[in-house]
Amino acid sequence: MDKIAILIPCYNESKTIKKVVCDCLDAIKDIPNSNVYVYDNNSSDDTFKIAQNAGAIVKHEYKQGKGNVIRRMFRDIDAECYIMIDGDDTYPAEEIPAMAEYVLNQNYDMVVGDRLSSSYFEENKRLFHGIGNTVVRGSINLLFKNNIRDIMTGYRAFSHQFVKTYPVIPKGFEIETDMSIFAVVNNLSIKNHVIEYRDRPVGSESKLNTYSDGFKVLRLIMTLYRNFKPLHFYGWLSLVLLIISIGVFIPKVWLPYNSTGQVANMPTLIVCAFVILASLVSFYAGLILDSLQRKERREFEFRLHQIKRWND
C-alpha cells in the first residue's frame with residue numbers, strides 16, 4: 001500500500017502533463033513510498049509517453065469519461081491517502097503535503113481544494129463556468145445542508161475508507177458533484193482547503209462542455225436529492241399536488257355545490273380525487289423510501305468498519 005497515491009486522469013494533456021507530473025513528484029520527494037499515477041483515457045496526442053518519461057506510473061482506461069477513469073483508479077490503487085489532481089496545470093501541486101496531512105493525521109475522509117474562495121473568478125476566462133460553479137454550490141448547500149465551498153473542483157484528497165466504499169456511478173464530469181453529495185449524506189469528515197487557481201496555459205483546451213455537462217450536473221443533483229432525501233422530495237411533491245387539488249376543488253366544485261346543491265363539474269371532481277390519491281401515494285412512497293435509505297446508511301457504517309479492520 002502506498003503512503004500517498006497521486007491520481008491524474010488525463011485526456012489529451014500533452015502540453016501540461018510533464019509539468020504536472022514533475023511538480024507532483026517534487027511535492028512528495030520527502031514522503032517515502034509515494035507514487036504518481038497517470039491514467040490515459042484514449043488520448044490522441046503524446047500524453048502517455050510524456051507522462052511516462054516524466055516519471056509517472058502510466059496506465060490506461062479505454063472507457064471514455066472522467067468518471068470511468070476514476071472508477072478504474074479507485075479499483076486499482078491501494079494507498080493510505082489519495083490525491084486527485086487534473087493534468088491541466090491549473091492546481092498548485094505544492095499543496096499536496098498539506099492536503100495529505102489532513103487525511104493522514106487528522107482523520108478527514110475528503111479534503112476539497114477550494115478554488116472559489118481564492119483566485120478562481122479572476123483567473124477563469126469562461127464566464128458561464130464561474131456562474132455554473134456558483135449555482136451548483138448554492139443548490140447543493142441548500143438541498144443537502146452542508147458547507148462545501150467548491151463542489152466541482154478536481155483537486156481533492158481522500159482517505160482509504162472513502163475510496164474503497166464510494167460507488168463510482170457517474171461516467172463523466174459530474175463525478176465531483178457525486179463525490180461531494182456522497183460524503184455529505186454519509187456524514188463523512190470533510191475539510192475545505194483554500195488553494196490558488198490558475199487558468200489553463202495557452203494552447204491547452206478544456207474538455208468540459210459548459211452547457212451539456214452543466215445540465216448533467218444539475219440533473220444529477222436532483223436525482224441524488226430524490227435518492228438520498230426521498231421523504232423531503234416526495235413530501236414536497238405530495239404537498240404541491242394537494243395544494244393544486246384543493247385550489248381547483250374549492251372554486252370549481254365546492255362553492256358551486258354550496259350554492260346549487262348539485263355537482264356541476266363532475267369531471268373536475270374526479271380529476272381532483274385522482275390528484276389527492278396521487279398526493280397520498282407520493283407521501284407514502286417517500287416514507288417507505290426514507291426507511292430504506294436509513295437502512296442503507298446503517299449498512300454503509302458496517303462497510304466502513306470492515307474497511308477499517310482490513311486496514312489494521
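This report walks through a few features of a predicted model.

## Ground rules

Since this is a predicted model, local features need pLDDT of at least 70 and side-chain atom pairs count only at pLDDT 80 or more, while totals for chains, interfaces and linings use all residues. Residues are numbered from 1 along each chain as its sequence is written, and side-chain values use heavy atoms, with hydrogens and water left out.

## Helix H1 and its buried side

Let's start with helix H1, residues 17-27 (helices are DSSP runs of H or I with at least four residues, strands are runs of E with at least two, and both are numbered from the N terminus). Its buried residues are Ile17, Val20, Val21, Cys24 and Ala27; buried means under 20% relative accessible area, exposed means over 50%, and partly exposed is in between, using a 1.4 Å probe and protein chains only. These residues sit on the same side of H1, because they cover an arc of only 125 degrees around the axis (the arc is taken from the directions from the helix axis to the C-beta atoms).

What covers them? The cover includes strand S1 (2-10), strand S2 (34-40), H2 and H4.

## Phe48

Phe48 belongs to helix H2, residues 47-54. If you skip its neighbours within four places in sequence, Phe48 is in contact with Asp40, Val58 and His60, where contact means heavy atoms within 4.5 Å.

## Aromatic rings

Searching the whole structure turns up 16 aromatic pairs. Rings of Phe, Tyr and Trp (its six-membered ring) pair if their centres lie within 6.5 Å; planes under 30 degrees apart are stacked, over 60 edge-to-face, and the rest tilted. Phe283 and Tyr284 make an edge-to-face pair, 5.5 Å centre to centre with 75 degrees between the planes. Phe283 is partly exposed, at 34% relative accessible area.

Ring pairs also link Phe74, Tyr82, Phe158, Phe162, Tyr166, Phe182 and Phe300 into a cluster.

## The second largest pocket

A pocket is an open set of points on a 1 Å grid over the protein atoms alone, where a 1.4 Å probe fits, with protein on both sides within 12 Å along at least five of seven lines; lining residues have an atom within 4 Å of a point. The second largest pocket has 21 lining residues, and the closest to its centre are Val103, Asn107, Ser159, Gln161 and Lys308.

Helices H4 (96-106), H7 (160-165) and H11 (266-311) each give at least two residues to this lining. H11 provides the largest share, five residues.
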